[in-house]
Amino acid sequence: MKFLSLFIITGLFFLATGCQPVPSDKSIEEILKEAEIKYNLLIDHTPLENDNEVLVFYESNTVVFADYIKQINGKWGLQNRSQFPNYPEEKLSWQYQSFRDIKRVTEYQVFWGLVWDKQITKVSFIEHSIEFETKLINTSQDYRLWYLIRDESDKRESYSDYSFKGYSEDGSIIAEIP
């Protein structure tokens with residue numbers, strides 16, 4: 001009896017608030033289609049803190065995008081976007097974006113960029129002399145994508161608080177961005 005009461009109360013909560021559990025049978029491709037996001041190349045995606053949030057990296061018409069997508073009232077939609085052209089101007093590039101949902105409830109700091117130098121096998125993000133390893137993703141293109149997600153508010157004083165290093169397999173520094 002207690003189980004049935006709990007089940008009914010939970011169901012009424014979801015109906016009243018508009019919250020719905022993320023459908024486990026939807027692929028990332030189906031989520032992108034529902035969010036009306038068109039792409040040529042899906043690079044990577046990662047779920048965020050809640051089951052109804054995802055960060056997606058993809059290429060569309062020679063531009064690389066990082067999109068923060070969230071399910072609200074049962075529908076997936078774009079909340080925030082970061083982008084830059086994928087031109088091989090530097091060995092290692094970077095970009096910063098603070099992603100927030102429309103209601104500004106959730107915030108994520110995302111540092112990401114492209115690696116054009118094939119010798120670079122590891123990218124690190126450095127903040128106040130503390131080094132963090134990033135995720136490096138191979139693509140079917142001439143570049144690789146790297147990123148680091150931090151689920152906290154931006155506390156930096158300036159961009160000079162950050163630096164980035166690209167390392168070779170043997171640990172040598174190939175590229176450095178002060």
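Contacts come first. Among contacts between residues at least 6 apart in sequence, 50% join residues at least 24 apart. The model is predicted. Of the 178 residues of the protein, 46% count as buried.

How far can the model be trusted? The protein averages a pLDDT of 81. A score of at least 70 is reached by 76% of the residues. Helix α1, residues 2-17, has the lowest mean pLDDT, 36. Strand β9, residues 135-138, has the highest, 96. The pLDDT is below 50 over residues 1-24. Beyond near neighbours in sequence, that stretch has 14 contacts in the model.

Next, the elements. The protein has two helices and twelve strands.

Four strands take part, in the order β5-β6-β10-β9, and their pairing is antiparallel. Strands of a sheet pair through backbone hydrogen bonds. Strands β5 (95-100) and β9 stand at the edges. Each has a single partner strand, so one side of each is left without a neighbour in the sheet. Neighbouring strands of this sheet are turned by 25° against each other on average, direction ignored.

Strands β5 and β6 run antiparallel and are joined by six bridges. Here glutamine 97 stands opposite valine 110 in β6. Leucine 136 stands opposite tryptophan 146 in β10. A hairpin of five residues joins β9 to β10.

Then there is the packing of side chains. In soluble globular proteins, nonpolar side chains tend to be buried together. The largest nonpolar core of this model has 19 residues. Ile43, Phe57, Trp112 and Leu145 have the most contacts inside it. Which strands each supply at least two residues of this core? They are β1 (41-47), β2 (53-60), β3 (63-72), β6 (107-115) and β10 (144-150). Strand β6 gives the most, with four residues. Another core, of 13 residues, lies apart from the largest one. Among its members are Tyr96, Ile120, Val123 and Phe164.

A pair of aromatic rings is described by the distance of the centres and the angle of the planes. The count of aromatic pairs comes to 18. One of them is formed by tyrosine 68 and tyrosine 108. Their rings are 5.8 Å apart, centre to centre, with 70° between the planes. The pair is edge-to-face, because planes over 60 degrees apart count as such. Tyrosine 68 lies in strand β3 and tyrosine 108 in strand β6, so the pair ties together parts that are 40 residues apart in sequence.

Are these two tyrosines buried or exposed? Buried means under 20% relative accessible area. Tyrosine 68 has 0% relative accessibility, so it counts as buried. Tyrosine 108 has 3%, so it counts as buried too.

Other aromatic residues group together. One aromatic cluster is formed by Trp94, Tyr96, Phe111, Phe125, Phe132, Trp146, Tyr162 and Phe164.

Terms used: Residues numbered from 1 in each chain as written. Predicted model: local features only at pLDDT ≥ 70, side-chain atom pairs only at ≥ 80, totals over all residues. Heavy atoms only, no water. pLDDT = per-residue confidence, 0-100. Contact = heavy atoms within 4.5 Å. Core = buried A, V, L, I, M, F, W, Y, C linked by side-chain atoms within 4.5 Å. Buried < 20%, exposed > 50% of the residue type's maximum accessible area, 1.4 Å probe, protein only. Pairing = 2+ DSSP bridges. Axes fitted to C-alpha atoms, helices over the stretch in contact; angles between N-to-C directions. Phe/Tyr/Trp six-rings, centres within 6.5 Å; stacked < 30°, edge-to-face > 60°.
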